[in-house]
Each structure stands twice: as C-alpha cells, then as structure tokens.
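Subject: Handover of a structure and its computed features

Dear colleague,

Please find below the sequence and the structure for your records. A description of what was found follows directly after them.

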Amino acid sequence: MKKLILVFALALPLFGTAQISNAFRAGNYLESSRYLGNIVRLNWMGEESQTSSLEVTNKLKELFEICEVENFRVIHNGESDSGLQYAMGELYCEEGEYAITYYYTTKNATEIIEELKKKKK
C-alpha cells in the first residue's frame, strides 16, 4: 500500500497540467482560452507583451488554424522562483514543431495561465 501511495505521489505532478495540455492536444483554441487569466504575459515567437485573454485567444486560433495538431506532450513540469507552476511541452503539427511553455496558478481546481511562450523548434 505504501508503494502505491508513493507512486501516486510521484506521478501527481504529471497530471497537474492535464486540463491545459488536453486542450492543446486537441488543437482547440476555445477550450484552451478557458484557462487564460484576464491578463497574460505573452512571448510569441520572440515578441513579448502583456495582453488580454481575448488577444491570446486570437493568437491560439491563428496557430490552430494553420497548424493541424498531431500531438502535444508535456516534457517537464516544475515551479518557478516566483511560485508559479509551469509546464514545458512540445506541440507537433504537420508543418513542424513548437516549444510551448505555460506558467499557471490553480484556482478552484481550475488551471489559469498567467504566462504563455511559443517558439518554433
């Protein structure tokens, strides 16, 4: 029983970003936008800004319209020095691969993206 609890405790961080990663995996910008904070720090292909969730939704819509998503997988989870949880992942599309990193908080059992980064691999 102790081994089962230990395995579950070690695996828990891998499931912590399931809501967001499932939305990316589906290539669903509307579902992805449900997890955006009101203001999101955005680093989109080297352009940095603080922007509204509506503008980030539009960026995700453009991405998923040109990128037929084949898969999204989280390759690393952690916690930043400022206390935000983060996930680093790879978005696989017909046209290529993107590195996606998002920093998030959890409120009422829902993940809220505070920062989103995208760059071409």
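Predicted model: local features only at pLDDT ≥ 70, side-chain atom pairs only at ≥ 80, totals over all residues.

How many bridges join E5 to E6? Ten bridges join these two strands, which run antiparallel. Residues are numbered from 1 along each chain as its sequence is written, and side-chain values use heavy atoms, with hydrogens and water left out.

The sheet

The six strands form an open sheet of mixed pairing, in the order E2-E1-E6-E5-E4-E3. Helices (H or I, at least four residues) and strands (E, at least two) are DSSP runs, numbered from the N terminus; two strands pair if DSSP finds at least two bridges between them. Strand E2 (47-52) and strand E3 (69-79) are the edge strands, each pairing on one side only. On average, neighbouring strands of this sheet are turned by 20° against each other, direction ignored. For such angles, axes are lines fitted to C-alpha atoms, for helices over the stretch in contact, and angles run from 0 to 180 degrees between N-to-C directions.

The pairings can be followed along the sheet. E1 and E2 are antiparallel, with six bridges, and Leu 42 has Ser 49 in E2 as its bridge partner. Two residues lie between the strands of this hairpin, where Met 45 takes a positive phi near 55°. E1 and E6 pair in the parallel sense over five bridges, with Arg 41 opposite Glu 115 in E6. E5 and E6 form a hairpin with two residues between them, and Asn 108 in the turn has a positive phi of about 50°. Thr 106 has Glu 111 in E6 as its bridge partner. Strand E4 (residues 85-93) and strand E5 (residues 96-107) pair in the antiparallel sense over nine bridges, and Gly 89 stands opposite Ile 100 in E5.

Two helices pack on the sheet. Helix H2 (residues 18-26) touches E3, E4, E5 and strand E6 (110-120), and its direction makes about 155° with that of E3. Contact here means heavy atoms within 4.5 Å. Helix H4 (residues 53-66) touches strand E1 (36-44), E2, E3, E4, E5 and E6, and its direction makes about 55° with that of E1.

The disulfide

A disulfide, defined as a pair of cysteine sulfur atoms within 2.5 Å, joins Cys 67 to Cys 93, with an S to S distance of 1.5 Å. The torsion about the S-S bond of Cys 67 and Cys 93 is about -55°, so the disulfide is left-handed. The pair links distant parts of the chain, 26 residues apart: Cys 67 is in the loop between H4 and E3, and Cys 93 is in strand E4.

Yours sincerely
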